Amino acid sequence: MNDHRISRRRFLAAAGMAGAAAALTACGGAASSAASSVASSAAASSEAAQSVELIVFAAASLTETLNAIGECYTADHPEVTFRFNFDSSGTLKTQIQEGADCDLFISAGQKQMNQLDITASTDVNKDGLDFVDADSRVNLLENKVVLCVPEGSDKGIDSFDALAEHLKAQDILFCMGNSDVPVGQYTQKILTYYQLDEAALAAAGVITYGSNVKEVTTQVTEGSVDAGVVYCTDAYSAGLTPVDEATKEMCGQVIYPAAVLKAAPNAEAAKEFLAYLQTDKAMTVFEGVGFSAV
C-alpha cells in the first residue's frame, strides 16, 4: 500500500465534515434570518438599489458550495440574485466563446480559462480569444484529485497503484472524465504516469466516460463501475470515501482560476462578488467541503 493512500479518518478530517455542516448550516441560517430581517428595509429601498442578476458560469464541482455562498451573499446584498450555470469547464468555455451571457467564469482548470484569455500563451489560446478581463483574474481555489470505489467493493482497488495493476489486467471497468473536462485531463496525466495507454484501454472496453465530474461520481456511487477518479469535494458531496489521493507528481496541482468577462452584463457587481469569494467567510464554506485557498 503506497504512502499517498488516505484512510477514512484522514479524509473526513481533511474534508472537515463537521466544519462543512456548520458552515453550510450557518450560511443557510444567515440567509433565512437575514431574509426576514431585511424584508421591510429591502422594500423601502427597492427604488434606491438597482436589482442585479449575476450570471455565474462555474465548474460542476462547485455546485453545492456556490449555491450556499450565493444564499449568504444575497442575504447581505438583497439586490443581488444569481443565475448559476454549472457544467464541465470545457462546455462552459464553449458556451462563452459562442456568445452566452456570463458575468463571472470559474474554471476547474487553467487551460479553459487560458483559452479565453488574450494574455495567455498562444500555445494554449491558439485562436487569440479575448473574453477575459485579465486584471480581474485570480487563482481562487485548490482541489484534490482522488480515487473512489463503490461502497462495499471487493475488487481490492485500494490505491492508484492497485488501480494501475487492474487496468493492465483489464479486469475492471473504470470511469473518468472526457478529455475536454479538467478532471478527465488530470486523469489522463495519471494514466500517463503509470504508462497506461488510454486509447487501448477504451478500445478494450475497460474505460467508460463522464461528460463532467458529477457524472463520474454518479457512476461510482451507483456501482455501475468499479472505480472512478473525481475531486475530493465531489466525493465528499456524494458521501464517498476516497481510497487514495493523487500526488502533484501524478497530475500536478488542481487550481481553479476565476475571472470577470470583458462583456459581462454586470461587471462591477461581478468583481464585488469575486472579491467576496476570497474573504474568510466564503473560504470557510469552501474549506468545509475540501477546497483550500491557493
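Accessible areas here come from the Shrake-Rupley method with a 1.4 Å probe, and for residues only the protein chains shown count as cover. On that basis, the protein chain exposes about 13,000 Å². Carbon and sulfur atoms supply 48% of that area.

Now the ground rules. This is a predicted model, where local features need pLDDT of at least 70, side-chain atom pairs count only at pLDDT 80 or more, and totals for chains, interfaces and linings use all residues. Residues are numbered from 1 along each chain as its sequence is written, and side-chain values use heavy atoms, with hydrogens and water left out.

The overall picture. The protein chain has 13 helices and 11 strands. These are DSSP runs, numbered from the N terminus: helices are H or I with at least four residues, strands are E with at least two. Of the 294 residues, 49% count as buried. Buried means under 20% relative accessible area, exposed over 50%, partly exposed in between, with a 1.4 Å probe and protein chains only. Contact means heavy atoms within 4.5 Å. Among contacts between residues at least 6 apart in sequence, 76% join residues at least 24 apart.

Next, the rings. How many aromatic pairs does the structure hold? There are 12 aromatic pairs. Rings of Phe, Tyr and Trp (its six-membered ring) pair if their centres lie within 6.5 Å; planes under 30 degrees apart count as stacked, over 60 as edge-to-face, the rest as tilted. Take F82 and F273. Their ring centres are 4.6 Å apart and their planes stand at 55 degrees, so this pair is tilted. F82 sits in strand β2 (residues 80–87) and F273 in helix α12 (residues 267–277), so the pair ties together parts 191 residues apart in sequence. Both F82 and F273 are buried. F84 and F86 make a stacked pair, at 5.3 Å centre to centre and 25 degrees between the planes. Ring pairs link Y73, F82, F84, F86, F273 and Y276 into a cluster.

On to the cores. A nonpolar core is a set of buried Ala, Val, Leu, Ile, Met, Phe, Trp, Tyr and Cys residues joined through side-chain atoms within 4.5 Å. The largest has 76 residues, and L62, I106, F273, L277 and F286 touch the most other members. Helix α12 gives the most to this core, with six residues. Apart from it lies another core of 12 residues, including I96, F105, L129 and A259.

Last, T63. It belongs to helix α3 (residues 63–76). Buried or exposed? T63 counts as buried, at 19% relative accessibility. Leaving aside neighbours within four places in sequence, T63 is in contact with F86 and K214.
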